[in-house]
Amino acid sequence: MSANTDIARFKSRDAKIAHCILPAWDAGEYLSTSDASSIAVSFTRQRKSTVQLDGSRYAQRNIPAGSMGTAGWEPIAWVRVNEPSECLEVTASAAMRREIADELGVPQRYQLDDLHGVHDPVVWITMMRLRKIVRGDDPNPLEIETLVRQLYTRVLITQFGGQPRARGDGGLSKRRLTLVLDWIDAHLDSEISIRDLASIAALSPAHFMRSFKRSVGVSAHQFVRLRRLERAREQLMRGANVVTAAHAAVFSSVSQFRSAYRAAFGQAVQDTPLRGSRGWIPPGAR
């Protein structure tokens, strides 16, 4: 089984990261374990996976593509996974987690808790950036630490009651951000303008642009492009050709798509793993 896995790792004093491309497996064939107090994003959908909690209790889970999950004070063992998976898991040191939780006024939540199926655009963007860095040739520890701190700060605030010291960062309200993100996902095939998005948020274009970047961490243009590129990646993994994938990402030029794809994922289009029924087919084996 280990020969069919592809795992890129980074480890420092304060953070451990693993980007995993794994085949499906049945109970007894393989075991993947989410570290205690870790945060993960699954870039692929998982249906009816079996996990073991607290070392004894079993549960079945459906994990939507692009969703976030966290582990609590004990690891989560993935006993059975029915489909090939791609995920990124981040685990901050206990010292870093305590420091962030203390600053946010929730010291008792530094170990997080068992959550899954949460959609958060800020977490997704941060994980996209970490995935590219970890897969790169020269990971920058300072950049990684900065992103890991941002990640745990975001999760402790949105999921565990943390309160930032500075109130009102000038970002979009939760309601407005949800309306905008839902509208983007529903119109990825169409032309999207700042005027459209500002109208959804009931703001002027200039106000919207500032507020969106403060809320998500990237500009609206960058966010839309990354959403489209992620959709194109999913199609490539399922066997689509580069022209079809470029069309899915709303690129008229295949060469421009190839360049944008490498910039977003740190790999060439032709190096994208192909998803088989229960595993991944590496580029050299096609």
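Predicted model: local features only at pLDDT ≥ 70, side-chain atom pairs only at ≥ 80, totals over all residues.

## Largest pocket

The volume of the largest pocket is about 1,300 Å³. Its lining comprises 40 residues, and those closest to the centre are D120, V122, R154, L177 and S215. Two or more lining residues come from each of α2 (121-135), α3 (141-160), α4 (174-186), α6 (205-216) and α7 (220-237).

The biggest contribution to this lining is from α3, which supplies seven residues. Sorted by class, the lining of the largest pocket holds 15 polar, 14 nonpolar and 11 charged residues.

## Second largest pocket

The second largest pocket has a volume of about 630 Å³. It has 37 lining residues, with S32, S34, W78, C87 and E89 nearest its centre.

Strand β2 (residues 15-22) gives the most to this lining, at five residues. The class counts for the lining of the second largest pocket are 18 nonpolar, 14 polar and five charged.

## Contact of α4 with α5

Two packed helices are described by the angle between their axes and the distance between the axes. For α4 and helix α5 (residues 194-201), the axes come within 8 Å and cross at roughly 140 degrees. The pair is therefore classed as oblique, because angles must be over 145 degrees to count as roughly antiparallel. The crossing of α4 and α5 is right-handed.

On the α4 side the contact is formed by R176, L179, V180, W183 and I184, which meet D196, L197, I200 and A201 of α5. By class, the residues of this contact are seven nonpolar and two charged, with no polar ones.

Terms used:
Residues numbered from 1 in each chain as written. Heavy atoms only, no water. 1 Å grid on protein atoms, 1.4 Å probe; cavity = no way out; pocket = protein on both sides within 12 Å on 5 of 7 lines; lining within 4 Å. Points joined across faces, edges and corners; volume = space filled by probe spheres on them. Helix = DSSP H or I, 4+ residues; strand = E, 2+ residues; numbered from the N terminus. Nonpolar A, V, L, I, M, F, W, Y, C, P; charged D, E, K, R; others polar. Axes fitted to C-alpha atoms, helices over the stretch in contact; angles between N-to-C directions. Parallel < 35°, antiparallel > 145°, perpendicular 65-115°, else oblique. Left-handed = near helix turned anticlockwise from the far one by under 90°. Contact = heavy atoms within 4.5 Å.
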